[in-house]
Amino acid sequence: MITVQAALKRGQSTLFYAEVDTPLLDATVLLGEALGLSKEQLLTSPEAPVQEEGYRRFQEFLDRRCRGIPVSYIRRKKEFFSLEFYVDERVLVPRPDTEALVEEALALLDRRAAGSQAEALRVHDACTGSGCVAIALQHSRAGLEVSASDRSPGAEEVFRLNCRRLLGRELPFHRSDLLKQVPGPYDLITANPPYLRDGEVEDMRKVGWPEPREALAGGRDGTALLAALIRQAPARLAPRGILLLEADPSQAAFVRQRLLAWGFQEVEVVPDLGGRPRVIRGRLP
Ligand SMILES: C[S@@+](CC[C@H](N)C(=O)[O-])C[C@H]1O[C@@H](n2cnc3c(N)ncnc32)[C@H](O)[C@@H]1O
């Protein structure tokens, strides 16, 4: 029977020849998933035997990884803001950079809450996908009134599942083209909309990129949905309401300029974990 160490070596080699960027890391995570063991358990027991069924499952996972399927889709989970989200091909895999959006939202909400005795602050997350932003906010601050929206029926299903698993209840959800079908008013609207250029997305799809096209493509230059959200948000925000958007660092100046053009004040660009301009906010008068 093959040992953990030997299985890892074979897995690393298979992924290396399939030109996977991080072959040892991916092999370790996938072997752990196949055997139901943590990374630490695997690494501290290199001589442990791998049962036949677990090894067969590992090989199936490797096969899917070699075909370009992300580890998160294979495991059906992704950690975001210290919560384990269910993910599959219906939604974008949450990215670590998006945690900057959640951090900034919490900082803004805490400041707003400290300055008023009013009822719960109302937060809406548009383009919610898996619900990672909305659910992380609600999980972090139970007193908020959080809702979410997305146009995709598949995203709605994944969002509802994640709400039940992580919050023990569902949050209000609206199937909506950006903000058109959401009621408002909100004190804060967050969104990580699709912001890649259509051409970039076509190139990714040609090489089999499995994330949904509608979660990636932001129009010819990538800014169509960002611009539409900025246009629609004033009608859905309360007075002094804040719009907080994630964009590609190359689009931050554009977003800043559009926010100013639509009457937003205190427009600020916030860096992501890598120090790149990623999150942009503006406040209505
Ligand atoms: C970049 S993903 C972000 C998902 C999630 N918020 C995150 O940060 O991982 C964008 C999401 O926007 C949704 N979407 C795309 N176009 C939309 C539209 N016109 N109206 C509403 N949602 C849209 C997609 O279905 C997808 O779930």
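Trainee: What should I know about the model before reading any values?
Mentor: This is a predicted model, in which local features need pLDDT of at least 70 and side-chain atom pairs count only at pLDDT 80 or more, while totals for chains, interfaces and linings use all residues. Residues are numbered from 1 along each chain as its sequence is written, and side-chain values use heavy atoms, with hydrogens and water left out.

Trainee: How many helices and strands does the protein chain have?
Mentor: Helices (H or I, at least four residues) and strands (E, at least two) are taken as DSSP runs and numbered from the N terminus. Counted in that way, the protein chain has 11 helices and 9 strands.

Trainee: What share of the 285 residues in the protein chain is buried?
Mentor: A residue is called buried under 20% relative accessible area, exposed over 50%, and partly exposed in between, using a 1.4 Å probe and protein chains only. By that cut-off, the buried share of the 285 residues is 49%.

Trainee: Is Arg220 buried or exposed?
Mentor: Arg220 sits in the loop between helix 9 (198-206) and helix 10 (224-232). Leaving aside neighbours within four places in sequence, Arg220 is in contact (heavy atoms within 4.5 Å) with Arg197 and Asp198. Because its relative accessible area is 78%, Arg220 is classed as exposed.

Trainee: How many disulfides does the structure hold?
Mentor: A disulfide is a covalent bond between the sulfur atoms of two cysteines. Here a disulfide is counted as a pair of cysteine sulfur atoms within 2.5 Å. The number that the structure holds is 0.

Trainee: Which cysteine has the sulfur nearest to that of Cys163?
Mentor: Cys163 is buried, with a relative accessible area of 0%. Cys163 takes part in no disulfide, and the nearest cysteine sulfur, 12 Å away, is that of Cys132.

Trainee: What is the omega of the peptide bond from Gly184 to Pro185?
Mentor: Pro185 is found in the loop between strand 5 (173-175) and strand 6 (186-191). The peptide bond that joins Gly184 to Pro185 is cis, and its omega is near -5°.

Trainee: What is the phi of Arg76?
Mentor: Arg76 lies in the loop between helix 5 (71-75) and strand 1 (78-80), and at 31% relative accessibility Arg76 counts as partly exposed. Its phi is positive, although Arg76 is a residue other than glycine, and the value is near 60°.
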